[in-house]
Amino acid sequence: PGDPGERILVCVRYDARNSEGRYMGVKTGAAVFKSGRFDVFYDNPREAPALCKDVAFDGFPELQQLSR
């Protein structure tokens, strides 16, 4: 009952490395924020792509310019 608060869905695509340092392939993830606080992250191959199916992904030039 009542207002559950504002919910925000953030969709990301990422290519994580495994313990051997090899990239595992691009995955889609979805983070849910409730009332400004992180609630849950979906990275299940069925759930995240379904949540983000209509999203227009775009790169972050700021991140691409970072060096290690």
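Strand E1 supplies the largest share of the nonpolar surface patch, namely three residues, where helices (H or I, at least four residues) and strands (E, at least two) are DSSP runs numbered from the N terminus. This is a predicted model, in which local features need pLDDT of at least 70 and side-chain atom pairs count only at pLDDT 80 or more, while totals for chains, interfaces and linings use all residues. Residues are numbered from 1 along each chain as its sequence is written, and side-chain values use heavy atoms, with hydrogens and water left out.

The patch covers about 400 Å² and is made by Ile8, Val10, Val12, Phe38 and Phe41. Two or more of its residues come from each of E1 and strand E3 (37–42), and Phe38 has its place in strand E3. Patches are made of residues with over 30% relative accessible area and no salt bridge, with like charges joined within 9 Å and nonpolar side chains (Val, Leu, Ile, Met, Phe, Trp, Tyr) within 5 Å. A salt bridge is here a side-chain nitrogen of Lys or Arg within 4 Å of a carboxyl oxygen of Asp or Glu, and accessible areas come from the Shrake-Rupley method with a 1.4 Å probe, for residues with only the protein chains shown as cover.

The structure holds one disulfide (a pair of cysteine sulfur atoms within 2.5 Å). Its features are set out below.

| Feature | Value |
|---|---|
| S to S, Cys11 to Cys52 | 2.0 Å |
| Angle about the S-S bond, Cys11 and Cys52 | -90°, left-handed |

The largest pocket holds about 240 Å³ of space, and its lining includes Cys11, Arg13, Phe57 and Leu63. E1 gives the most to this lining, with four residues. On a 1 Å grid over the protein atoms alone, a pocket is an open set of points where a 1.4 Å probe fits, with protein on both sides within 12 Å along at least five of seven lines, and lining residues have an atom within 4 Å of a point.

Phe57 is found in the loop between H1 and H2 and is partly exposed, with a relative accessible area of 29%. The C-alpha atoms of Phe57 and Arg13 are separated by 8.0 Å, although these residues are 44 residues apart along the chain.

Notes: Points joined across faces, edges and corners; volume = space filled by probe spheres on them. Buried < 20%, exposed > 50% of the residue type's maximum accessible area, 1.4 Å probe, protein only.
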